[in-house]
Amino acid sequence: MALKNISAGSVIFEAGQNIDKLLFIMKGSVKVIYEGGDFRLQNQDIVGLIGLGSRQSYARYEAVDNVSVVEYPINKGVESLIEENKDIRKYIMTSLFRQLKLAIEQYRIFKTDYEALGNYIRSAYDNYREICELSQMNPQGLSDFNNDFSAIFEGSIPVWFDGYYSVLAQVARDSDYGAMDVQFITGLLHNTAKDISKLMFAGQEMEEEKLNLLNCLVNEDGTDLIEMYLSLYIMNARKNGKENEQAQNAYSILNSILDRCGNIRGIDTDALEQKKRFVEEEIRKFNESSKAIEEVAKEYGKNSVQDIVNSLDKILAYSEVDSEFAEFFKETLYSLFELMKSSSDNDNIRKLRLAVTKGFNKIYTEVFLKAVEADSIPTVIKMFLNFGYMDENLVGMDNALELQKISETDYSDPDYGVYSIFEWLKSIYNCEKDPGRNEFEVDYAEYLHEQARNGEIEKKDEETLFRDSRARVLYELENIFPVVNKISSGRIINFCPVLSDQDMVKTFDSMLVNWKKVTGIIKEVRSIDYGAFYRETMYSAPQSGVDREIIDVEILPNVILTPNIGSKGIMWQEIEGKRRTTAARFFISVFQQEDLKNQLIRLIGQFRWELCKRIQGAHWNEPGEHSLTSEYFDYVQYYRKNNDLSQEAKEKIKNDLVRCKNSYREMFMKDYTLWILYESQGSPRLNKVARNILFTYVPFAKDRRDSLKINPMYREIIERYEVKQGSKVHRINNLIKKLTNNGKEVPDEIMMQQRFLNS
């Protein structure tokens with residue numbers, strides 16, 4: 001065998017690359033890099049042993065220094081190689097066991113660090129919840145933290161693992177390698193390599209989970225423990241003073257977390273420094289605002305405060321509900337919040353909650369019907385309609401002042417498809433938008449048609465009522481508004497529509513969702529999934545020489561901000577009525593507790609799924625139909641029988657299905673989120689089958705495809721996609737050329753289709 005030299009820094013195998021040879025190291029060292037760690041191979045080690053079973057490299061092999069190797073092709077199979085080269089048997093066995101030992105060491109180091117980090121976060125979050133309880137505040141959820149984080153290790157290394165391989169290694173050392181049975185060596189090689197790959201796979205999963213743990217401590221989305229404790233301190237200090245015990249506890253733990261983060265291996269030091277500066281700035285602004293509020297308090301009864309004092313009475317008076325109902329509602333509301341201070345939950349609270357919710361919806365309807373016709377709306381009424389605010393005592397005067405300030409800003413903008421709830425209801429009232437579908441998938445037109453069919457209204461009145469402003473908006477207020485308000489809050493069991501500081505986990509300003517944030521995130525997703533909001537439609541322009549042409553049009557969604565503090569976005573409907581070229585409707589809380597970006601990505605994934613189902617109709621999950629839903633459904637339903645999936649991948653699908661409560665749609669939304677956040681950056685998170693399906697129906701934009709082409713894991717599917725897309729581009733180019741040659745003006749729609757196909 002000829003000696004081959006490899007220069008330092010050269011990549012020998014990429015992760016995912018096919019293995020067609022083994023390399024025997026004569027000189028130098030090679031680094032084995034995988035997401036769960038790394039180790040070095042040295043003289044007399046063999047490169048490429050791991051992953052032999054699948055003939056695919058599980059790791060990246062990189063020359064540390066100048067390396068000399070002898071190549072052993074394995075095109076005839078590993079068994080032939082072993083049989084024909086008795087001299088290499090010893091080195092295969094010794095290198096194999098050494099690599100196993102190194103992989104185990106890496107696994108255990110990572111496991112120790114991972115568990116220590118998980119236990120620290122769990123302890124910090126438990127303290128956070130305890131302070132919230134003592135402060136009578138609802139805790140914010142730590143969305144990236146799985147309390148059962150140690151479950152990831154179950155089954156990775158069985159109890160017999162060390163003893164089994166220690167004895168095997170000793171037996172091998174004491175044996176005559178040349179006399180060993182070839183099939184025994186082959187079997188041992190495949191099984192041991194498979195177990196090493198399992199360790200690496202577990203390490204990769206741990207790496208992903210560790211990133212989630214680190215994300216719990218520091219992230220850019222404001223959902224980390226640092227900002228949770230910062231908000232807890234500010235909310236407590238604002239409510240009860242800086243010297244309050246719970247405020248002091250929160251402040252102390254906040255500083256200890258910041259100190260601890262500086263010593264955690266793998267944390268993003270730049271992000272941590274940026275977070276420290278953010279904390280300092282927020283505390284400075286809080287101290288300044290506290291002084292400002294104190295000054296306002298001195299002017300109590302004047303200016304801004306005067307508008308807020310006795311808010312509930314002003315709202316009830318504006319609604320013009322009868323005095324008996326108004327008194328009943330006030331008494332019920334105050335009884336509920338008084339009881340909630342002393343009890344976590346009981347039957348009385350449940351009944352009061354239901355009564356308050358029913359009363360709130362009645363008052364909301366009356367207030368809206370008056371406000372929608374008014375030339376000007378009092379600020380406290382805007383706060384009620386858009387935020388669910390009713391009483392300054394329930395949110396605190398300083399928070400009420402903050403809401404007052406927000407209500408006068410342009411945080412929503414229908415021109416960009418982002419509506420406050422008042423703007424949305426007004427657009428329905430003005431016949432600019434149609435009422436939505438109710439919980440039973442019945443829209444307003446279908447509802448009226450059913451009434452006419454049952455004789456509840458005259459047939460001739462059907463069209464009149466469809467255009468009747470009051471009837472239209474009442475359908476939305478009675479059938480859609482209460483449901484989306486409750487679901488988006490994320491508190492299905494203990495939902496109360498009246499805003500209070502018990503639901504606050506941060507200041508209103510920091511939780512506020514505005515049109516710039518929403519459109520910025522949607523734009524970012526579209527730069528990756530360029531076809532997210534496109535759908536096919538038939539285009540015809542005989543005067544221009546275009547008889548019938550299928551084109552793709554982009555229809556961006558309407559995002560409606562529900563009046564609550566919440567944590568769950570809703571993709572309510574993918575189209576209006578039965579027209580495919582209409583906008584989807586997303587509902588998101590105006591004050592968002594969770595990461596807005598993740599919320600919107602999930603909703604876009606759900607939109608893609610539901611739109612495909614709508615287009616495919618009854619055939620949405622039939623294997624013979626080539627569509628996103630049918631192929632993904634087939635993949636998840638029959639994953640156990642799929643030979644393209646490794647055992648590790650099958651186990652992961654099984655666990656993911658449990659987490660997603662056996663919902664294939666939820667599975668897709670999870671995979672879509674990974675697709676946008678990680679796979680688009682060249683960081684593999686999906687298995688080969690899921691990746692192929694996603695790339696077929698959710699392809700990346702051209703700049704992403706170009707940057708990923710160098711990666712062997714993506715190269716083949718990108719080339720396959722571009723061949724298929726090339727035929728579509730060729731067809732539209734020929735059409736444009738034909739129209740131009742015939743002296744016809746090319747319609748804008750055709751030019752836009754050309755740009756879309758080249759995206």
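Buried residues make up 51% of the 759 residues in this protein. The model is a predicted one.

**Exercise 1. Describe the overall build: how many helices and strands are there, and what does the C-alpha trace span along its principal axes?**

Solution. 
- Step 1. Count the elements. The protein has 29 helices and 14 strands.
- Step 2. Take the dimensions. The C-alpha trace spans about 100 × 80 × 45 Å along the principal axes.

**Exercise 2. Work out which side of helix α6 is buried and how the helix begins.**

Solution. 
- Step 1. Locate the helix. α6 covers residues 245–261, which is 17 residues.
- Step 2. Check its length. From first C-alpha to last, α6 reaches 24 Å, close to the 24 Å expected at 1.5 Å a residue.
- Step 3. List the buried residues. A residue is buried when its relative accessible area is under 20%. In α6 these are Gln246, Ala247, Ala250, Ile253, Leu254, Ile257, Leu258 and Cys261.
- Step 4. Look at the start of α6. A side-chain oxygen of Asn244 comes to within 3.0 Å of the backbone nitrogen of Gln246.

**Exercise 3. Decide whether Asn219 is buried or exposed, and find its side-chain partner.**

Solution. 
- Step 1. Find the residue. Asn219 lies in the loop between α4 (182–217) and α5 (225–240).
- Step 2. Apply the cut-off. Buried means under 20% relative accessible area. Asn219 has 6% relative accessibility, so Asn219 counts as buried.
- Step 3. Look for a contact. The side chains of Asn219 and Thr223 are joined by a polar contact of 3.1 Å.

**Exercise 4. Characterise the largest cavity: what is its volume, and which residues line it?**

Solution. 
- Step 1. Recall the idea. Rolling a probe the size of a water molecule over the atoms shows where empty space is left.
- Step 2. Count. The structure holds one cavity of 30 Å³ or more.
- Step 3. Give the volume. The largest cavity has about 40 Å³.
- Step 4. Name the lining. The residues are Phe387, Gly388, Arg491, Cys496, Pro497, Val498, Leu499, Asp503, Pro563, Asn564 and Ile565.
- Step 5. Sort them by type. Seven are nonpolar, two polar and two charged.
- Step 6. Find the main contributor. Strand β12 (residues 558–566) gives the most to this lining, with three residues.

Notes. Residues are numbered from 1 along each chain as its sequence is written. This is a predicted model: local features need pLDDT of at least 70, side-chain atom pairs count only at pLDDT 80 or more; totals for chains, interfaces and linings use all residues. Side-chain values use heavy atoms; hydrogens and water are left out. On a 1 Å grid over the protein atoms alone, a cavity is a set of points where a 1.4 Å probe fits but cannot get out, and a pocket is an open set with protein on both sides within 12 Å along at least five of seven lines; lining residues have an atom within 4 Å of a point. Grid points are joined across faces, edges and corners, and a volume is the space filled by probe spheres set on the points. Helices (H or I, at least four residues) and strands (E, at least two) are DSSP runs, numbered from the N terminus. Ala, Val, Leu, Ile, Met, Phe, Trp, Tyr, Cys and Pro count as nonpolar, Asp, Glu, Lys and Arg as charged, and the others, Gly among them, as polar. The expected span of a helix is 1.5 Å times one less than its number of residues. Buried means under 20% relative accessible area, exposed over 50%, partly exposed in between (1.4 Å probe, protein chains only). A polar contact is a pair of N or O atoms within 3.5 Å; within protein, one must be able to donate a hydrogen and the other to accept it, and residues adjacent in sequence count only if both atoms are side-chain atoms.
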